[in-house]
Amino acid sequence: MSPRLFTAALLVLGLLTACGPAETPTATVPLRSVKLLLGFQPDVQFAPFYLAQQEGYFAKYGMKVSIEYKAGDDIARLVANGQAEFGVMDATDVMIGRTRGIPIKYVATVYRLFPVALIGPQGTVPTDPADLAGKRIGTPGEFGSSWHALLALLDAGGLTADDVTIRAYPQFNQVDGLLNGDVDLITGFRNNEALRLAAQGLETDLLTVEDLAPLPGPGVIVGDELFASDPALYQGFVNALIEAMAQVAGDPQRGLDAAVVAVPSIASDTETALAVLEATVPLWTLAGGGVSPLLDAELWQSGYDTMQRLGFIDGSVPLDEMALLDPDAEGSPSP
């Protein structure tokens, strides 16, 4: 199947949010063992992967998937050299890695909305990014999606990092800095840090990138060799994932249950975990509630232009070498 037909077929599949449990293969063909690399820390936000692993969605497509957790640079390296078949990475890091010569390709969207935002106490967050000038902003450091989002928002307001005071929180504890009054705003995941602050009694507002400096969100990557030699493998993987995402979108409790099986420590606070998952689902889904892996070419071009303008990439690698784009896909259409 060509990539173009593949994406069209997946769109139809992805919009079916009421698909039933996966059927296990009836054939006795051995499952192929493959490795999936997720972000460095197990999390309820990975629920669709856990569900697909536990309930036979991957098996239906001939795969036995093992999951490991790695930092972003390790995910790129291990997928590129074939030590892992699949990874999940920020699209902005894929652009940077590809520009540096790392042979990876982004093949399916997981987050349709960029999950990182600027977060601050309710009533204090500027709606015009130009008004960020002079603010004290906490962020983990000069790396990753938080840094990319911050610079993109500053750029949208005609500012640079020199126009604000940046405080680094390498232990990812910028929430404490905001609660203590050490900073005015923090970068954080709208489906995580914002909820943690609310749980501690601080209601917040967000400044997000989608209307100001649109960036594509995290998704599935494969190595160039696998992309060229075994398209059926990654097509099956994405099919299984989208089926599982549709199930979790329709019933977050089912996703939470799968996450608890995979990561028992999540059971220590299922109320918060469910709230995080419920806040995550809208970042995956289309306006009408379905899920689709298709990449929005316009969004990717906007992100590519922003990353080049900020100096993260130099424009030497064409966008279609970085990602499996679909020119007809939109960011959030009604299905």
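Tutor: Here is a close look at helix 12 and the parts around it. Keep in mind that this is a predicted model.

Start with helix 12 itself. It covers residues 270–284, 15 residues in total. From first C-alpha to last it reaches 21 Å, close to the 21 Å expected at 1.5 Å a residue.

Now look at which residues of helix 12 are buried. They are Ala273, Leu274, Val276, Leu277, Thr280, Val281, Leu283 and Trp284. These residues lie on the same side of helix 12, because they cover an arc of only 165 degrees around the axis. An α-helix has 3.6 residues a turn, so residues three or four places apart point the same way.

What do the buried residues of helix 12 pack against? Their partners are helix 2, helix 8, helix 10 and helix 11.

Two of these partners, helix 10 (residues 231–250) and helix 11 (residues 252–262), also meet each other: their axes come within 5 Å and cross at roughly 115 degrees. Helix 10 brings Gln247, Val248, Ala249 and Gly250 to the contact, and helix 11 brings Pro252, Arg254 and Gly255. By class, that makes 3 nonpolar, 3 polar and 1 charged residues.

Helix 2 lies across strand 1, strand 2 and strand 3, at about 145 degrees to strand 2. The open sheet has 5 strands in the order 2-1-3-10-4, with mixed pairing. Strand 2 and strand 4 each have a single partner strand, so one side of each is left without a neighbour in the sheet. From one strand to the next, the twist averages 30 degrees.

Note on methods
Residues are numbered from 1 along each chain as its sequence is written. This is a predicted model: local features need pLDDT of at least 70, side-chain atom pairs count only at pLDDT 80 or more; totals for chains, interfaces and linings use all residues. Side-chain values use heavy atoms; hydrogens and water are left out. Axes are lines fitted to C-alpha atoms, for helices over the stretch in contact, and angles run from 0 to 180 degrees between N-to-C directions. Helices (H or I, at least four residues) and strands (E, at least two) are DSSP runs, numbered from the N terminus. Contact means heavy atoms within 4.5 Å. Ala, Val, Leu, Ile, Met, Phe, Trp, Tyr, Cys and Pro count as nonpolar, Asp, Glu, Lys and Arg as charged, and the others, Gly among them, as polar. The expected span of a helix is 1.5 Å times one less than its number of residues. Buried means under 20% relative accessible area, exposed over 50%, partly exposed in between (1.4 Å probe, protein chains only). The arc is that of the directions from the helix axis to the C-beta atoms. Two strands pair if DSSP finds at least two bridges between them.
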